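Dear colleague,

I am passing this structure on to you, and my notes on what was found follow below it. Please look through the structure first and then read on.

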Amino acid sequence: MNVILVTANDQQSYEREWAHSERLLAHLRCLGCRPGLVSIPQNDPDLLSFELRESAHMLHAFHAVRCGLACREIARKTRVPFIVSCVGSDIYIDLLNPGLQGLLADTLLSADRVVVPVAHMQKWLEERLPRLRTTVVIPRSTEKRVPVEPLNRSQFGFEPNHRLLLLAGGVRPVKNPLFAVKAVAPLIKLWPDLRLVIVGPVVDHEYGKRFQEAIAATPWVVFIGERPSEEMPKWYQEAEIILNVSHVEGGSGDVLEAMALGKPVIAADIPGNRAYIRYSRSDPESSTGLLYFTSSAPEGYQRVHDREDFAELLRTLLNDPERAIRMGQRAAYYAKSELRPDLEAYRYWQLYREVLGK
């Protein structure tokens, strides 16, 4: 089977998605598949070479909008099947966008299979596209990347006594970093050595401007900006607690990688986090992370996040580092046993065979 995996070459996701696709490629080859990997900027089908189009038995797009639209056009011209793997924002946000809704819906309905990383997304998608009957749930895998050397804290202005809370991801509305700034602020009086570290590019410039204005007078917030993908394990390892405050997720790569390294996570209680983080308030010693309350807003994808519950969970881990360590150990075991790249690749291999009738 010659399957071409297609990722988007853009600021939001390129390095991480390319690395994820390369891991899948390695395991697919072990299963006898002959995969290729290309990236396209700006959803431009002309940038997929003629040779690749002609040699492919199937196209596999990793993002319904940034890659799926282009792959649909190529598949139509070359008459090969195509699969779309959704990531989260392309379904929960883009499908609600009037400018994208029609074209995206047509792309999903014409795909031979639509892969989603969590069961909630499958249900949400099929409620909005009743004619869609080709969805498959394949959980996202992760990989434990142990840094060769520790982070040079002094390079970024951190003192040895600083306790780092890490929020990774692009500065844009869906990632909701302003909530983290406001929610952590009341705790600084109790722990003046806390530092909220935000790592990621400014993706939405209007939101980025508001964000920069909000943190201008908060010395305990350290905005690092975009860092190379290979450096991120150093940040996960150096942080005491990893945060996720997104409105929607399909399975945050930062959260999953941090869990694989055995780091404690506090995340928004949204379907994309709930699918990977096991949390029980009645049995905390079984939890692989903590989820704070959120509730749906009247319209759109945004949710209402509970600052008090977030702060209470954060206080719990700051006051009990041993509990945080145990929780991180459970998270690492779960990631190692359940979120394996070879298992994800095997599920895709089975799907390819099904679509191609092998």
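**Surroundings of H60**

Leaving aside residues up to four places away in sequence, H60 touches V3, I4, L5, V6, I83, S85, Y348 and Y352, where a contact means heavy atoms within 4.5 Å. H60 has its place in strand β3 (residues 58-62), and with a relative accessible area of 0% it is buried (buried means under 20% relative accessible area, exposed over 50%, and partly exposed in between, with a 1.4 Å probe and protein chains only).

Before going further, please note that this is a predicted model, in which local features need pLDDT of at least 70 and side-chain atom pairs count only at pLDDT 80 or more, while totals for chains, interfaces and linings use all residues. Residues are numbered from 1 along each chain as its sequence is written, and side-chain values use heavy atoms, with hydrogens and water left out.

**The chain as a whole**

The protein chain has 14 helices and 14 strands, these being DSSP runs (H or I of at least four residues for helices, E of at least two for strands) numbered from the N terminus. Its radius of gyration is 21 Å, close to the 21 Å that the globule rule gives for 358 residues, so the chain is as compact as a globular protein of that length; the radius is taken over C-alpha atoms, and the rule is 2.2 Å times the number of residues to the power 0.38. Buried residues make up 56% of the 358 residues.

In helix α3 (residues 68-78), the buried residues are G68, L69, A70, C71, I74 and A75, and the helix is followed by R79, whose phi is positive, near 60 degrees.

**Salt bridges**

The structure holds 17 salt bridges, each being a side-chain nitrogen of Lys or Arg within 4 Å of a carboxyl oxygen of Asp or Glu. One of them joins the side chains of K175 and E249 (2.7 Å, N to O). K175 lies in the loop between β7 (163-168) and α7 (177-184) and E249 in the loop between β10 (241-244) and α10 (253-260), so the pair ties together parts that are 74 residues apart in sequence. Both K175 and E249 are buried.

E285 also forms a salt bridge, with R326, the closest N and O atoms being 2.9 Å apart. This pair links distant parts of the chain, with E285 in the loop between α11 (271-274) and β12 (290-292) and R326 in helix α13 (residues 321-338), 41 residues apart.

With kind regards
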